[in-house]
Amino acid sequence: MAQNQLDSNSNDVPVACLIVCENQIIGVGINTREKNKSVLGHAEINALHEAAKNKGSWNLHDCTIYVSLEPCAMCAGAILQAHIRSIVFSAYDIKSGAFGSRYNLTTNETQVIGGICEERAIGILKQFFLNKRQ
C-alpha cells in the first residue's frame, strides 16, 4: 500500500481512509490535496483508486470503507458509485459531511456508522489546526 504513512510536515488535513474486503485491507488513502495541488486528493478518493486497482474492479460492493472524518459530497458520490454499502467514520463533519451531518446522500442499501473513536479523531484534527495557527 503506497500511502500508508502520514507526513508530520504535511499541510494536508490529517484524514485517513481504509477500504477492507474479506478482512483484507485493499485500499489506503490520506489527504493529498496540498501535496499534489489537486482538489481530488481526498483520502477516500485515494483509497478508492487503490482499492479498485488492487481488486481489479471499480465495483467494491463487498467492501467496507473506514475513514477518520465523515466524507464530503464528492467523496460520498464516489463511494456510492463504487457500490460500497458500509461506511464507517469517526468524526462528524458539520461543515461538509454528506452522510448525515450537513447532507444525507445515503441510499436504502447504505449502512452508515458514525462516531467511532470520535473524540480521538477530533483531537487529531483540532491539534492540526492549532499548529497551523501558530
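**Ground rules.** I am working with a predicted model, in which local features need pLDDT of at least 70 and side-chain atom pairs count only at pLDDT 80 or more, while totals for chains, interfaces and linings use all residues. Residues are numbered from 1 along each chain as its sequence is written, and side-chain values use heavy atoms, with hydrogens and water left out.

**Core.** I looked up the largest nonpolar core first. A nonpolar core here is a set of buried Ala, Val, Leu, Ile, Met, Phe, Trp, Tyr and Cys residues joined through side-chain atoms within 4.5 Å. Buried means under 20% relative accessible area, exposed over 50%, and partly exposed in between, with a 1.4 Å probe and protein chains only. The largest core has 25 residues, and those with the most contacts inside it are Ile19, Ile26, Leu48, Leu60, Ile65, Ile79 and Ile84. Two or more residues each come from β1 (16-21), α2 (43-55), β3 (63-69), α3 (73-81), β4 (86-91) and α4 (118-133). These elements are DSSP runs numbered from the N terminus: helices are H or I with at least four residues, strands are E with at least two. I noted beside this that in soluble globular proteins nonpolar side chains tend to be buried together.

I then picked Ile79 and listed its contacts (heavy atoms within 4.5 Å). Leaving aside neighbours within four places in sequence, Ile79 is in contact with Glu44, Leu48, Ile65, Pro71, Ile84, Ile87 and Phe99.

**Helix α2.** I checked its length next. α2 has 13 residues and reaches 18 Å from its first C-alpha to its last, close to the 18 Å expected at 1.5 Å a residue. The expected span is 1.5 Å times one less than the number of residues. Its buried residues are Ala43, Glu44, Asn46, Ala47, Leu48, Glu50 and Ala51. They pack against β1, β2 (24-30), β3 and α3. Just after α2, Gly56 takes a positive phi of about 80°.

**Largest pocket.** I asked how much space lies in the largest pocket. The value is about 590 Å³. A pocket is an open set of points, on a 1 Å grid over the protein atoms alone, where a 1.4 Å probe fits, with protein on both sides within 12 Å along at least five of seven lines; lining residues have an atom within 4 Å of a point. The lining has 21 residues, of which Val13, Leu69, Asp93, Ser96 and Phe129 lie nearest the centre. α2 and α4 are the elements that give two or more residues to the lining, and α4 gives the most, with 5 residues. By class I counted 11 nonpolar, 3 polar and 7 charged residues in the lining. For these classes, Ala, Val, Leu, Ile, Met, Phe, Trp, Tyr, Cys and Pro are nonpolar, Asp, Glu, Lys and Arg are charged, and the others, Gly among them, are polar.

**Positive phi.** Most residues other than glycine have a negative phi, and I looked for departures. Glu22 has a phi near 50° and lies in the loop between β1 and β2. Lys37 has a positive phi of about 55° and lies in the loop between α1 (33-36) and α2. Glu22 counts as exposed because its relative accessibility is 67%. Lys37 counts as exposed too, at 70%.

**Two buried loop residues.** Is Pro71 buried or exposed? Pro71 is buried, because its relative accessibility is 0%. It lies in the loop between β3 and α3. Pro71 and Gly97 are 26 residues apart in sequence and 5.5 Å apart in space, C-alpha to C-alpha. Not counting residues up to four places away in sequence, Pro71 touches Glu44, Ala76, Ile79, Phe89, Ser96, Gly97, Ala98 and Phe99.

His42 is in the loop between α1 and α2 and is buried, with a relative accessible area of 15%. Beyond four places in sequence, His42 is in contact with Ile30, Asn31, Arg33, Cys72, Met74 and Cys75.

Asn11 is in the segment before β1 and is partly exposed, at 48%. Its contacts beyond four places in sequence are Glu34, Phe128 and Lys132. Asn59, in the loop between α2 and β3, is partly exposed at 25%. Beyond four places in sequence, Asn59 is in contact with Ala82 and His83.

Terms used: Grid points are joined across faces, edges and corners, and a volume is the space filled by probe spheres set on the points.
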